[in-house]
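Please keep the sequence and the view at hand while reading.

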Amino acid sequence: MAWIYLIIAGVGEVVGVLGINQVNQKKNTSSFLVLFGGFLLSFVFLSIAMETIPMSTAYAVWTGIGTVGSALVGMFVFGESKNWRRILFISMILLSAVGLKLIS
Amino acid sequence: MSDIVPGFYLDNYRGANNMKRDWNLVFIAGLFEIGWVVGLKHAYNIGTWVLTAIAIYMSMHLLIVATKRLPVGTTYAVFTGIGTAGTVIFEIAVFGEPFKLMKVFLILLLLYGVIGLKTITIETTDEGENA
């Protein structure tokens, strides 16, 4: 069950990132609700997941879902570049951030 | 700080200058992220909790401003990366976390990714300005 909570936390982060773009397009209450709701959901479920899953693992998976999710949302929802070099560089950052969280 | 000065955005001022400014905002947002990650872990009284809250607010605010023109997927990856690497360096330097060669390698890989993204990113224009 903790892993499901962790996935919800990761998805919450992506919702928060969606909210960032939403706020840029329309500064209204619902945009801010998506922004804060997403990140709040994310933090709450991350801390619940951390009761069972070791902290470094939980952080690493959470970061991974957030980064990959935001990149995919950018490409498929907001029409951002699908250039292979962009994907490569984002993957490098992803690999490094996940690695650092696993070994710290 | 984040407010748009109308005259600044005219014609050929656009481009390189804005881009540099937006990337700087992402880096500063990353620095604030280090602040609140460390704060969440180590805050011990009202003052340090208030600073942590300010850091959360500032990092979010700067991220929102930067993604007006930079792609959100790229920005978020760089933001996360700076936050992670910075926190690792900070904890080694201040809290005596063990120094590992693997950490250095991963931080270099991260830098390579960030610099790579900076060189290939093209900014979108603001909504409304060219409508």
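## Contacts of one residue

Leaving aside its neighbours within four places in sequence, which residues is B:Val78 in contact with? In this predicted model, the residues in contact with B:Val78 are A:Ile93, B:Trp23, B:Val26, B:Val114 and B:Leu117.

## The nonpolar cores

B:Val78 is also among the residues with the most contacts inside the largest nonpolar core, together with A:Leu35, A:Phe39, A:Ile93 and B:Leu117. This core has 40 residues. Two or more residues come from each of α1 (2-25), α2 (29-49), α3 (55-76) and α4 (84-103) of chain A, and likewise from α1 (16-42), α2, α3 (72-95) and α4 (101-120) of chain B. The element that gives the most is α3(B), with eight residues.

Another core, of nine residues, lies apart from this one; A:Ala2, A:Leu6, A:Phe45 and A:Ala58 are among its members. In soluble globular proteins, nonpolar side chains tend to be buried together.

## Chain B as a whole

Chain B contains four helices and zero strands, giving the pattern α-α-α-α along the sequence. Of its 131 residues, 47% count as buried. Among the contacts in chain B with a separation of 6 or more, 74% involve residues 24 or more positions apart. The accessible surface of chain B is about 7000 Å², and carbon and sulfur atoms account for 70% of that area.

## A residue of helix α2

B:Thr48 belongs to helix α2 (residues 46-66) of chain B. Is B:Thr48 buried or exposed? B:Thr48 counts as buried because its relative accessibility is 19%, and the cut-off is under 20%. From C-alpha to C-alpha, B:Thr48 and B:Trp36 are 9.7 Å apart in space, and they are twelve residues apart in sequence.

Technical notes: Residues are numbered from 1 along each chain as its sequence is written. Chains are lettered from A and ligands numbered from 1 in the order in which they are written. This is a predicted model: local features need pLDDT of at least 70, side-chain atom pairs count only at pLDDT 80 or more; totals for chains, interfaces and linings use all residues. Side-chain values use heavy atoms; hydrogens and water are left out. Buried means under 20% relative accessible area, exposed over 50%, partly exposed in between (1.4 Å probe, protein chains only). Contact means heavy atoms within 4.5 Å. Accessible areas come from the Shrake-Rupley method with a 1.4 Å probe; for residues, only the protein chains shown count as cover. A nonpolar core is a set of buried Ala, Val, Leu, Ile, Met, Phe, Trp, Tyr and Cys residues joined through side-chain atoms within 4.5 Å.
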